[in-house]
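Thanks, everyone. Have the sequence and the structure open, and I'll walk you through them.

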Amino acid sequence: MFALLRCLKDFVTYDADREFYAKVFPESVTKVDLMRLRKMRKTDFARVLEIEAKNYRFPWSQETFKDCFAALSYTCWVCEEGDKVVGYGILSIAAGEAHILNISVAPEAQGLGVGRKMMEHLIEIARKKAQTLFLEVRVSNTKAQALYESLGFNEIGIRKNYYPAENNSREHAIMLALELL
Ligand SMILES: CC(C)(COP(=O)(O)OP(=O)(O)OC[C@H]1O[C@@H](n2cnc3c(N)ncnc32)[C@H](O)[C@@H]1OP(=O)(O)O)[C@@H](O)C(=O)NCCC(=O)NCCS
């Protein structure tokens, strides 16, 4: 009960501080600082699917998002600017291992720091319950690889022909891991 109240107080205080600094020292607060991370709701699905379709040639279906949302070992987050969702991330944690299953930022909000903000948040959640955080990334996705490497992830292997690709072909995945202890 006290932990819940403390969480609520920290959240309210943080929001109030951010708004105070944005008003008094506008140059000290970036656009991304003013964005908020919160748990995904079912009402976010339409926007999440819209971003998913824009970002991936082979997007997840609504059913896949629903399954992630329903699974107890999964936690699904969004980042919003005002009341508009600009990105999302999905993490699973089981038996001391965490996996980032999806992270995606709306094309118009990319390159501002939203992806890094979401990754740092998911890493902090994973750190509380897991020893290692894993993820896979397409060999061609050098932008995401740069983000993961800057956060300390290391390559631990290749999953051959893991992803569907153009013309019925397949693309390898690079497997990355971050030690959390
Ligand atoms: C990958 C993705 C999540 C990154 O999110 P983002 O908000 O654009 O990234 P950020 O602005 O937080 O940048 C974080 C880092 O990513 C890398 N990065 C971002 N844009 C880049 C670009 N155009 N070229 C190369 N590296 C880039 C840099 O390392 C950057 O760190 P820096 O700003 O300190 O240089 C986002 O581009 C995205 O949603 N892509 C489509 C979906 C996807 O590929 N998801 C990952 C699947 S594994």
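**The ligand shell and the sheet behind the talk**

Let's start at the ligand. Helix α5 gives the most to the shell around the ligand: five residues. Keep in mind that this is a predicted model.

How many residues surround the ligand? There are 18 residues around the ligand. The closest are Gln110, Gly115, Arg116, Ala146 and Leu147. By residue class, the shell divides into eight nonpolar, eight polar and two charged.

Now the sheet. The sheet is open and has seven strands. Read the order with me: β1-β2-β3-β4-β5-β7-β6, with mixed pairing. Which strands stand at the edges? They are β1 (36-39) and β6 (154-164). Each has a single partner strand, so one side of each is left without a neighbour in the sheet. Between neighbouring strands, the average turn is 25°, direction ignored.

Let's go along the sheet from β1. β1 pairs with β2, residues 74-81, in the antiparallel sense, over four bridges. Leucine 37 has cysteine 79 in β2 as its bridge partner.

Next pair. β2 and β3, residues 84-94, are also antiparallel, with eight bridges. Here tyrosine 74 has serine 92 in β3 as its bridge partner. β2 and β3 form a hairpin with two residues between the strands. Look at glycine 82 in that hairpin: its phi is positive, near 65°.

β4 and β5, residues 132-138, run parallel and are joined by three bridges. Histidine 99 is partnered by phenylalanine 134 in β5.

Where does α5 lie? This helix lies across β5 and β7 (170-179). Its direction runs at about 160° to β5.

One last stop, away from the ligand topic. Valine 24 is in helix α1, residues 2-24. Is valine 24 buried or exposed? Valine 24 has 9 C-beta neighbours inside 10 Å, and exposed means 12 or fewer, so valine 24 counts as exposed. Now compare positions along the chain. Valine 24 and asparagine 55 are 31 residues apart in sequence, and their C-alpha atoms are separated by 37 Å.

That's the tour. Questions, please.

Note on methods. Residues are numbered from 1 along each chain as its sequence is written. This is a predicted model: local features need pLDDT of at least 70, side-chain atom pairs count only at pLDDT 80 or more; totals for chains, interfaces and linings use all residues. A residue is near a molecule or strand if its C-beta atom, placed from the backbone, lies within 6 Å of it. Ala, Val, Leu, Ile, Met, Phe, Trp, Tyr, Cys and Pro count as nonpolar, Asp, Glu, Lys and Arg as charged, and the others, Gly among them, as polar. Two strands pair if DSSP finds at least two bridges between them. Axes are lines fitted to C-alpha atoms, for helices over the stretch in contact, and angles run from 0 to 180 degrees between N-to-C directions. Two residues are in contact if their C-beta atoms, placed from the backbone, lie within 7 Å. A residue is buried if 20 or more other C-beta atoms lie within 10 Å of its own, exposed if 12 or fewer, and partly exposed in between; C-beta atoms are placed from the backbone.
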